[in-house]
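Trainee: Could we go through this model term by term, setting each value against its definition before drawing a conclusion?
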Amino acid sequence: MPAFAFTRQPDALAWFGTGRGEPVLASEHARVSQALTSRTPQPWLWISPEAAGDALAAGPTTRGLHLRARAGTAHLSGRVRCALPLPLPTEAAGVIVLQHVLDAGDPQPLLHECARVLEPGGRLWLFVLNPMSPYRLRWRRSGLVPRTLGQWRLQLAAAGLDASQHVLHYGPVWRSLHDAPGSNPVPLRAACLLEAEKRVAGLIPPAPVARAWRTAPAA
């Protein structure tokens, strides 16, 4: 597993804890909750910046692991403290939510780990910043490196995940409002949500035995 850190900029993910970044996370809160319960009772994994709150109350239907990432370090913290590879069995999770942690650093090490941990048919919900939004001026010089939707689809495909064409947009367009609407088709909003699925090719059945039909000889 290659060395991994979310970014060399120590304050990049800390931007989400500022007055400009918090509205982005707040606009996604309900959707994160929906994602984590979308495949109950399968376990889930949610990795977010430190500024993200808890999307779900503890309970038997919300079993999963929430880890928080800090820029400039390879470690994730939460109920466990770990680095890559994730301390989870292969094909252990039905849902994984990556909330903006890939907006800083090389996404491939973590995406490959997510592909390993997801069960066949499992879903990855990827929240990323929208570089086409006017709100990009709010994170300028923060160390965050947003990518286009086309670039994200290539990154997901490289990790063996099949990205959906359906995209949702969240957060403010320009003003830093805490009551910014959540899901909205406006493509200039600050953040995007992409979904991807882990698909496993089925076994190829053996070729049918060729049978030649012959007529019975005349008596």
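Trainee: Which residue follows α3, and is its phi positive or negative?
Mentor: The residue after α3 is G160, and its phi is positive, near 85 degrees. Please keep in mind that this is a predicted model, in which local features need pLDDT of at least 70 and side-chain atom pairs count only at pLDDT 80 or more, while totals for chains, interfaces and linings use all residues. Residues are numbered from 1 along each chain as its sequence is written, and side-chain values use heavy atoms, with hydrogens and water left out.

Trainee: What makes a stretch of the chain a helix or a strand here, and how many of each are there?
Mentor: Both are DSSP runs numbered from the N terminus, a helix being a run of H or I with at least four residues and a strand a run of E with at least two. On that basis the chain has three helices and seven strands, and along the sequence they follow the pattern α-β-β-β-β-α-β-α-β-β.

Trainee: Why does E195 count as buried?
Mentor: Buried means under 20% relative accessible area, exposed means over 50%, and partly exposed is what lies in between, with a 1.4 Å probe and protein chains only. E195, which is found in strand β7 (residues 191-197), has a relative accessibility of 14%, and therefore counts as buried.

Trainee: What makes the pairing of E195 with R123 a polar contact?
Mentor: The term requires a pair of N or O atoms within 3.5 Å, where within protein one must be able to donate a hydrogen and the other to accept it, and residues adjacent in sequence count only if both atoms are side-chain atoms. The side chains of E195 and R123 make such a contact at 2.9 Å.

Trainee: Why is A158 called partly exposed, and which residues does it contact beyond its sequence neighbours?
Mentor: A158 lies in helix α3, and its relative accessibility of 48% places it in the partly exposed class. With neighbours within four places in sequence set aside, A158 is in contact with Q108 and H112. A158 and Q108 are 50 residues apart in sequence, yet 7.9 Å apart in space, C-alpha to C-alpha.

Trainee: Why can the buried residues of α3 be said to line one face?
Mentor: The buried residues of α3 are W152, Q155 and L156. Seen down the axis of α3, they fall within an arc of 100 degrees, so they line one face of the helix, the arc being that of the directions from the helix axis to the C-beta atoms. Their packing partners are α2, β5, β6 (162-170) and β7.

Trainee: Why is β5 described as largely enclosed, and which strands pair with it?
Mentor: Eleven of the twelve residues of β5 are buried, so the rest of the structure largely encloses it. Two strands pair if DSSP finds at least two bridges between them; β4 and β5 run parallel and are joined by six bridges, with L98 standing opposite L126 in β5. From β4 the chain crosses through α2 to β5 in a right-handed β-α-β crossover, a term meaning that, with the strands pointing away from the viewer, the path from the first strand over the helix to the second runs clockwise. β5 also pairs with β7, in the antiparallel sense and over seven bridges, and F127 stands opposite L193 in β7.

Trainee: What makes a group of residues a nonpolar core, and how many residues has the largest one?
Mentor: A nonpolar core is a set of buried Ala, Val, Leu, Ile, Met, Phe, Trp, Tyr and Cys residues joined through side-chain atoms within 4.5 Å. The largest has 59 residues, and I96, V97, L98, L124 and L144 have the most contacts inside it. Its largest share, seven residues, comes from β5.

Terms used
Contact means heavy atoms within 4.5 Å.
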